[in-house]
Amino acid sequence: MAELDEILAGETSERPSLRSFLKALPGEEILRVPGEVDLDFQPTALVLELERRHESPVVVIDRPAGFDVPVVSNIFASRARIARMAGAEPGAFNARWNEAVAKPIAPVMVTDAPVQEVVATGAAIDAATLPISRHFADDAGRYIGSGVLICKDPDTGVRNLSYQRMQLKGPNRFGASLHSRGHIWEHLQRAEARGRDLEVAVVIGMHPAINLAAAAKVAMEVDELDIAGALLGEPVPLVRCRTIDVEVPADAEYVIEGRLLAGVHEDEGPYGEYTGYSTFRSTRNVFEVSAITRRRRPIFHDIIPGYSTEHLLLGRAAREAHVFLRLKEMVPNLKALNYPKSGTHFHAYLSLHKTAEGQARQALMLLMGLDSYVKLAVAVDEDVDVFSEEEVLWALATRFQADTDMFMVPDVLCNRLDPSSRDGMSAKLALDATAPMKPEATRARVPPEAVAWAKQILERA
Ligand SMILES: Cc1cc2nc3c(=O)[nH]c(=O)nc-3n(C[C@H](O)[C@H](O)[C@H](O)COP(=O)(O)O)c2cc1C
Ligand SMILES: [Mn+2]
């Protein structure tokens with residue numbers, strides 16, 4: 001039996017975990033990589049090649065060269081799978097997410113913690129024993145891409161979950177970048193103001209609903225684990241770390257306990273970012289390990305970074321749901337919203353059932369105001385599928401004139417990782433590709449009965 005199967009077969013716990021998720025995964029959604037796999041570049045190459053073929057299975061590497069721990073990746077590469085892991089039907093993720101945010105479920109403390117079956121402290125710590133990949137040729141080294149950093153606000157004690165890349169630098173040392181200046185960055189500022197390090201637990205391998213919650217930007221007062229609990233429909237079981245005052249999911253695969261050092265900076269990066277570019281942007285922080293705890297036979301979870309579907313979908317699933325909700329409050333006839341992969345996080349397409357001229361422009365202004373990442377927003381009518389770029393371009397070809405149907409706002413705050421941005425600002429472009437309310441031409445159609453017939457014939461063939 002392959003390594004991963006053996007581990008899953010031996011798992012008896014009913015609690016939600018990476019294992020329960022993998023066990024429930026349909027066989028056709030898993031790609032088992034035969035033979036030994038070099039963790040230098042091969043997992044990334046494989047995932048990017050799958051994308052070129054429009055395939056999105058979870059990738060299982062049973063035998064990474066030099067390690068006896070199986071590695072799984074590409075978990076977040078499919079929208080249907082993301083919906084399922086959040087407990088939603090395909091296409092119903094947004095509603096499910098917004099419901100979870102509205103009705104959070106707080107975690108519970110437990111005493112049995114598989115993630116602490118093996119505990120290494122002091123001289124026994126060796127982070128190089130973790131099967132950490134080298135993802136891109138220009139990356140500064142081996143990076144943990146899936147580590148969820150859990151810490152607490154030194155002022156309020158409110159917990160926070162977020163992703164920060166972790167570069168392996170030594171047996172008990174990692175480099176980290178907090179460049180998105182999120183809540184952990186703020187926590188570190190507050191700790192430094194007191195002359196203290198920030199205690200942080202890096203968690204690897206959890207039920208992916210927890211990963212989804214960790215990727216979300218919610219208010220600083222909100223513990224992302226409460227949203228994870230709501231997605232799972234039950235509280236996340238937590239255990240206290242062994243060497244720091246932080247609680248972590250008890251059913252995780254690995255936890256690296258340690259401290260982001262106050263006032264210490266070292267070179268870190270470059271790293272392949274979601275834009276598709278390798279970047280040196282880094283806050284150059286240093287993380288010192290005080291313990292590594294794990295399961296007896298752990299599974300390692302990797303998230304392929306860079307311009308990969310899984311990185312992009314994970315990074316924006318919650319944002320799409322949030323922006324959709326806010327936009328729909330003001331534009332009730334909004335139908336769909338898509339951030340296409342080709343635009344990294346910078347392009348967004350919306351569709352609406354237009355009931356008045358000018359409505360599309362109102363929706364476009366709102367969208368660009370709600371999401372500072374968006375620098376191109378396109379509006380189409382509801383007959384156009386925003387998830388099909390070809391259809392969106394067709395609408396631009398036939399329902400859009402550049403002299404009357406677009407507007408541009410210069411010098412707006414944007415995401416600095418866009419290499420074409422200037423001083424953190426970008427021009428925002430809105431294209432209204434909706435047809436006039438009284439159109440010149442109607443779309444050539446085939447009656448639905450004939451479409452149904454054609455589908456049936458082809459399914460039988
Ligand atoms: C896979 C992944 C990797 C990420 N890597 C980093 C990183 O290395 N540094 C960083 O500052 N933000 C990174 N981010 C962005 C933050 O983790 C993300 O914005 C998070 O929601 C911030 O949480 P907060 O709102 O609690 O601060 C990453 C996001 C994802 C999904
Ligand atoms: Mn947060």
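This is a predicted model: local features need pLDDT of at least 70, side-chain atom pairs count only at pLDDT 80 or more; totals for chains, interfaces and linings use all residues.

In which loop does P270 lie? P270 is found in the loop between strand 14 and strand 15 (271-272); helices (H or I, at least four residues) and strands (E, at least two) are DSSP runs, numbered from the N terminus. The peptide bond that leads from G269 to P270 is cis, and its omega is near 10°.

Residues are numbered from 1 along each chain as its sequence is written, and chains are lettered from A and ligands numbered from 1 in the order in which they are written.

Let me stay with the loops. R284, in the loop between strand 16 (278-279) and strand 17, has a phi near 55°, which is a positive value in a residue other than glycine. R284 has 16 other C-beta atoms within 10 Å and is partly exposed. The scale is as follows: a residue is buried if 20 or more other C-beta atoms lie within 10 Å of its own, exposed if 12 or fewer, and partly exposed in between, with C-beta atoms placed from the backbone.

D423 is not a glycine either, and its phi is positive, about 50°. The loop that holds D423 runs between strand 22 (406-413) and strand 23 (425-432). Is D423 buried or exposed? D423 counts as exposed, because it has 8 C-beta neighbours inside 10 Å.

Strand 22 and strand 23 run antiparallel and are joined by six bridges; two strands pair if DSSP finds at least two bridges between them. Within this pairing, V409 stands opposite K428 in strand 23. Of the eight residues of strand 22, zero are buried, so the strand lies largely in the open.

Strand 17 (residues 285-294) is mostly covered, with eight of its ten residues buried. Which strands pair with strand 17 in the antiparallel sense? One of them is strand 14 (residues 254-260), over seven bridges, with Y254 opposite R294 in strand 17. Strand 5 (residues 118-121) is joined to strand 17 by four bridges, and there T121 faces A291. Strand 10 (residues 173-176) likewise has four bridges to strand 17, with F174 opposite F287.

There is also an open sheet of three strands, with the order 4-12-13 and mixed pairing. Its edge strands are strand 4 (108-109) and strand 13 (247-249), each of which pairs on one side only. Strand 4 runs parallel to strand 12 (residues 237-240), and two bridges join them; M109 stands opposite L238 in this pair.

Next, a helix. Helix 3 (residues 42-52) has P43, T44 and V47 among its buried residues. Why do the buried residues line one face of the helix? Seen down the axis of helix 3, they fall within an arc of 100°, so they line one face; the arc is that of the directions from the helix axis to the C-beta atoms. The buried residues of helix 3 pack against strand 1 (30-37), strand 2 (58-64) and strand 3 (71-73). On the face turned away from the buried side, helix 3 carries the exposed residues E49 and R52. After helix 3 comes H54, with a positive phi near 55°.

I turn to the domains. The assignment gives domain 1 (3-310) and domain 2 (331-432), with bounds that come from an automatic or database domain assignment. Their C-alpha centres lie 32 Å apart. Nine residues of domain 1 are in contact with seven residues of domain 2, contact being C-beta atoms, placed from the backbone, within 7 Å. The side of domain 1 that touches domain 2 comprises three nonpolar, four polar and two charged residues. Here Ala, Val, Leu, Ile, Met, Phe, Trp, Tyr, Cys and Pro count as nonpolar, Asp, Glu, Lys and Arg as charged, and the others, Gly among them, as polar.

Finally, how many residues surround ligand 1? The number is 19, and the closest are S162, R165, S180, G182 and H183; a residue belongs here if its C-beta atom, placed from the backbone, lies within 6 Å of the molecule. Strand 8 (159-163), helix 6 (183-193) and helix 9 (309-330) are the elements that give two or more residues to this shell. By class, the shell around ligand 1 holds seven nonpolar, ten polar and two charged residues.

Technical notes
Two residues are in contact if their C-beta atoms, placed from the backbone, lie within 7 Å.
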